[in-house]
Amino acid sequence: MSEKTVIPAQAQLVVIGAGPGGYTAAFKAAELGLQVTVIDPEANPGGVCLHRGCIPSKALLHVAKVVNEAEESAAIGVTFGKPKIDVDKVRAWKDEVVGKLTGGLGMKVEHKKLTYVRGMAQFTDAGTLLVTASDGTEGEMKFEQAILATGSRPIMLPGLDGGSDLIFDSTGALDLVDVPPTLLVVGGGYIGLELGSAYQAMGSKVSVVEMTNGLLPGCDRDLVSVLKRRLDVKFESILLNTKVAGLKEMKSGVQVTLEDKKGEQTQQKFAKVLVAIGRRPNTENLGLENTGVLLDEKGFVKVDGQRRTAEKNIFAIGDIAGEPMLAHKAYGEAAVAAEAAAGRKAVYDPRAIPAVVFTDPEIAWCGITETEARAAKRKVKTAKLPWRGVGRTLTLGREDGITKLIIDPETERVLLGYDWPGNIRQLESAVERAVHLSEDGVLLPVHFDIGDVTPVSDDRPFLKNTVNRTLEEIVEEVESRTIADIFASTGGNIRQTAKELGVSRPTIYRKLRKYGMIDH
Ligand code: NAD
C-alpha cells in the first residue's frame with residue numbers, strides 16, 4: 001500500500017497551482033533562498049498550459065501544418081497522396097510530448113528540493129490553509145507568504161456545465177478521442193480557430209459560429225482578413241453575428257439551433273460541438289472569503305504592481321490575476337512575485353505583452369492595436385508592409401502576409417507591431433523600449449524585413465540607412481516602394497492595386513498621386 005501524503009505543517013512560501021505561473025514562481029523563489037511548498041492536483045507541474053492547453057494544442061497544430069504543407073505543395077509541383085491520420089498514434093505522440101515536459105518539471109521540483117503536495121488548498125484565514133491531498137489526507141498548513149496561481153477554466157454554454165462526449169470544451173477536444181466527420185466550433189477566438197484548424201486538417205468538416213461581427217475580436221481587422229480568406233476556403237462555413245440558441249444531443253450527433261442577428265433560427269446537425277467562448281478565473285473553492293483578498297468586477301483577483309493582493313502576504317499571478325490569459329504574462333508576474341516575496345525590489349509593469357494566434361497563417365502582435373487606439377481616440381499612424389514584394393515570402397507561398405506598425409505620430413515611437421511569431425520578441429523589445437525609428441537603425445529594419453526570412457539586402461537599401469532619418473521618411477519610402485511594386489505588377493491597374501493592399505480606391509488614388517505614380 002502506498003504511503004499517505006505528508007502535509008507539512010509550516011511553509012515559508014506556499015504556491016497554490018503549478019501551471020506556468022506557479023512553477024516559475026516556485027523555482028524562482030527557491031533559487032532566491034525561500035523554502036517553498038507547491039500544491040497542485042496533478043502528479044507533476046504544468047497546469048492547463050502543459051497538460052490540456054497550449055502544448056497539446058501545439059502538437060495537434062503541428063499535425064495540421066504537415067498536412068497543409070503537403071496539400072499546398074501540389075501547386076508547386078510536389079504531390080503527396082491523401083494523408084492517413086492514425087488518431088491513436090497522434091494521440092499517443094501528443095501525450096508523450098506532454099508527459100516529457102511535465103515529467104521534466106517533476107524532476108526539477110525534486111532537484112530544487114521543493115515540497116510538492118498533490119492536492120487542493122483552501123484558505124481558512126490569511127495565514128492558514130486546509131490542504132486536502134489527492135489520497136484524501138487532510139492537514140492544516142501555516143504559511144508566511146502565499147502565491148495564488150490557480151489559473152482559469154473554459155466557460156461552457158449555459159446549462160451544459162459538465163459538457164459531454166459530444167459537446168466538449170478545449171480539454172475534451174485535446175483528448176482527441178476521434179476525428180468527427182463534422183464539428184461545430186462555438187466561438188471564433190484563439191481556441192476555436194486553433195483547434196478548429198487542427199481538426200479540419202485531420203479530416204473534420206469544420207463550421208464556426210461567432211457571436212460578434214468578426215473573428216478574433218480585439219485583433220485588427222486588416223490582419224484578421226488575411227486569416228479569414230484562408231479559413232473561408234478550409235472551413236465549411238464561418239457564421240458571424242450568430243449564436244447558439246439550443247443544443248440537443250441525439251444518438252448520432254448534436255442538433256444545433258443557430259440564431260442570426262435578426263433573430264431568425266435555423267437547425268443543423270453536427271457529429272460533435274466544441275465550445276470555445278472564453279475562460280474564467282478559478283477563484284472559487286479557495287476560501288478567499290476567509291481572507292482579505294478582493295476580486296475586481298470581472299472576477300479577477302485585484303493585485304498591485306508586485307502582484308500582492310489586498311492581503312499583503314498573499315500574491316496572485318497568471319490567469320487569476322487578470323487578462324491577457326497568456327502563459328508568458330504569468331511567467332513575468334511569477335518572477336516579480338517571487339522576487340517581492342524574497343524581499344527584493346521588483347515591479348510588473350510591461351509596456352506590451354506579445355500575443356500569437358497559432359492558426360495558418362499565424363497572427364502575432366505586441367502593443368496597442370489600431371482598433372484599441374481608435375476606440376480610445378488616440379491618434380496613431382500606421383505603416384503597412386505587405387510581404388508581396390519580399391522574395392522569400394513568395395517562395396513560401398506566404399505573399400498575403402502583412403507586417404504592420406502602429407506609431408505615435410507625436411513621438412514617433414512604435415506602439416505596436418504585427419509580424420510573424422519568429423519576430424515577436426523583437427517587436428516586444430521595440431515596443432518595450434519605445435524604440436524611436438530614427439534612432440534605431442538596427443532593430444526595426446529586422447521587422448521591415450519580416451525577420452529571419454530575408455536578409456538585409458541591396459534591393460532594400462533603405463534598411464541600411466535608417467539612422468538620422470525621420471520616421472516619416474522611412475515609412476514613406478517603404479510605402480512608396482511597396483505601392484510601386486504592386487502597381488507595376490498589376491500592369492497599372494488601380495482597382496487591383498487597392499485590393500492587393502487592402503485599402504480603398506480613394507486612398508490608393510491619393511497615395512499614387514502623392515508618390516508621383518499618376519498625375520491626375
Ligand atoms: P477568446 O476570448 O479568444 O474567444 C472567444 C470567442 O467566443 C470570442 O470571439 C467571443 O465573441 C465568442 N463568443 C462568446 N460567447 C459566444 C457564444 N455564446 N456564441 C458564439 N460565440 C461566442 O476565448 P477562447 O478562444 O476560449 O480562449 C480563451 C483564452 O485562452 C484567450 O483569451 C487566450 O488568452 C487564451 N489562449 C491563448 C492561446 C494562444 O496564446 N495562442 C491559445 C488558446 C487560448
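The report below takes up the model itself, then a pocket, the cavities and a surface patch.

## The model and its conventions

This is a predicted model, in which local features need pLDDT of at least 70 and side-chain atom pairs count only at pLDDT 80 or more, while totals for chains, interfaces and linings use all residues. Residues are numbered from 1 along each chain as its sequence is written, and side-chain values use heavy atoms, with hydrogens and water left out.

## The second largest pocket

The second largest pocket holds about 940 Å³ of space. A pocket here is an open set of points on a 1 Å grid over the protein atoms alone, with protein on both sides within 12 Å along at least five of seven lines, and its lining residues have an atom within 4 Å of a point. The volume is the space filled by probe spheres set on the points, which are joined across faces, edges and corners.

Its lining comprises 35 residues, and Lys65, Glu69, Asp360, Leu396 and Arg398 are those nearest the centre. Helix 3 makes the greatest contribution, eight residues, and among the other elements that supply at least two are helix 7 (221-234) and strand 18 (363-367). Helices and strands are DSSP runs numbered from the N terminus (H or I, at least four residues, for helices; E, at least two, for strands). By class, the lining has 18 nonpolar, eight polar and nine charged residues.

## The cavities

Searching the whole structure gives two cavities of 30 Å³ or more, a cavity being a set of grid points where a 1.4 Å probe fits but cannot get out. The largest cavity has about 60 Å³ of space, and its lining includes Ala64, Asn68, Leu231 and Asp360. Helix 3, helix 6 (190-202) and helix 7 each give at least two residues to this lining, which is made up of three nonpolar, three polar and two charged residues.

The second largest cavity, with a volume of about 30 Å³, is lined by residues including Pro154, Ser170, Ile191 and Arg279. Five of its lining residues are nonpolar, two are polar and one is charged.

## A nonpolar patch on the surface

Ile76, Val78 and Phe80 form a nonpolar surface patch of about 340 Å². Ile76 sits in the loop between helix 3 (54-72) and helix 4 (87-111), and Ile76 is exposed, with a relative accessible area of 70%, where exposed means over 50% with a 1.4 Å probe and protein chains only. Patches are made of residues with over 30% relative accessible area and no salt bridge, and nonpolar side chains are joined within 5 Å.

Note on methods:
Patches are made of residues with over 30% relative accessible area and no salt bridge: like charges are joined within 9 Å, nonpolar side chains (Val, Leu, Ile, Met, Phe, Trp, Tyr) within 5 Å. Accessible areas come from the Shrake-Rupley method with a 1.4 Å probe; for residues, only the protein chains shown count as cover. A salt bridge is a side-chain nitrogen of Lys or Arg within 4 Å of a carboxyl oxygen of Asp or Glu. Buried means under 20% relative accessible area, exposed over 50%, partly exposed in between (1.4 Å probe, protein chains only). Ala, Val, Leu, Ile, Met, Phe, Trp, Tyr, Cys and Pro count as nonpolar, Asp, Glu, Lys and Arg as charged, and the others, Gly among them, as polar.
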